[in-house]
Amino acid sequence: MHAVIATHAGGPEVLSSVTQPDPSPGPHEALVRVAAAGVNFIDTYRRAGVYPVPYPHVPGSEGSGTIVAVGEQVTGFAPGDRVAWSAAPGSYAELVVVPERELLAVPDGVDDETAAALLLQGLTAHYLVTSTFPVEPGATVLVHAGAGGVGLLLTQLATQRGGHVIATVGSVEKEALARAAGARDVIRYRELGDLTTDLPAQVRRLTDGRGVDAVYDGVGRDTFDASLASLARRGMLVLFGASSGPVPPVDPQRLNAAGSLFLTRPTLGHYVADRSELEWRAGELFRAVADGRLDVRIGARFPLSAAADAHRALESRSTTGKVLLLP
């Protein structure tokens, strides 16, 4: 099979296309022919060495495809089943071994590319708005990177739950996407003089001086201070990613001084740790897509051999929606 490997920690140039022996599924595993693999920021963190992983390794953890073989003791799936997953290492390949526990059946109303584009970012958006800070009617939330893969899904889900979304984006084109997803207000951060002071000022202008109930921040270092300053009294900063880099250590006294704020750093794994919870979240997402209530934007498609270009596009923040690799 063809696969992509990261030979050592570094930039996108460390990714190369290779030929490897076809893998075989073990007990409780299935071998899947990949239809599409999702490209995510966590892949770039692992490639760059921010998150420790062995080298060489095949990046990627998300995708969709068709089962070609199952190992012993697999009871819920069979060859020919269409499936998707969000946590199977080695997904930048034509074939991948996926633990049965991670497999999700793809319904007829969802095509392979949409399934691959939906899961990791959709599950993230789902847990953020239903569990970490549950959006209720009347809540006002700030969504950073509102035209990104998580941002567009999060905005739709928060709006459908009755929330008022203020989105930040980097361009007029991205503003249009955020508004189409349901954002009531959009701030183009590149037009601000000083993000740390000007963004909170804009947020408070839009909220009659109050601030927002929650900030969903997947950007990290560049937006952290502005996010804290944009919160209303007893608001919550949900720091779920760090696309601009990790946030330096924080003195908890800042939360007191800014209005008894809450700060949390969630991760998807803790919100899908039980199979029943994974199936609940994925089921709601698949039904919303099939019913036309949730739009999954695929912003760019690259051949598997061009994984390095896909990483460059993602890290440059030039993409909107989801980036896919197609074997």
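These legends walk through a predicted model, starting with the whole chain and then moving to some of its salt bridges. Local features need pLDDT of at least 70 and side-chain atom pairs count only at pLDDT 80 or more, while totals for chains, interfaces and linings use all residues. Residues are numbered from 1 along each chain as its sequence is written, and side-chain values use heavy atoms, with hydrogens and water left out.

View 1. Helices (H or I, at least four residues) and strands (E, at least two) are DSSP runs, numbered from the N terminus. Along the principal axes, the C-alpha atoms fill a box of roughly 60 × 40 × 35 Å. Of the 327 residues, 54% are buried; that means under 20% relative accessible area, with exposed over 50% and partly exposed in between (1.4 Å probe, protein chains only).

**View 2. Glu-175 and Arg-188, joined by a salt bridge.** A salt bridge here is a side-chain nitrogen of Lys or Arg within 4 Å of a carboxyl oxygen of Asp or Glu, and a search of the whole structure turns up 15 of them. In this one, the closest N and O atoms sit 2.3 Å apart. The pair links distant parts of the chain, 13 residues apart: Glu-175 belongs to helix α4 (residues 172-180) and Arg-188 to strand β10 (residues 185-188). Glu-175 counts as buried at 13% relative accessibility, while Arg-188 is partly exposed at 25%. Look around and you'll find a salt-bridge network linking Glu-175, Arg-179, Arg-188 and Glu-191.

**View 3. Asp-213 meeting Arg-210 in a salt bridge.** Their side chains come to 2.5 Å, N to O. Asp-213 is buried, with a relative accessible area of 16%, and Arg-210 is partly exposed at 45%.

View 4. Arg-281 is buried, at 0% relative accessible area, whereas Glu-277 counts as partly exposed at 22%.
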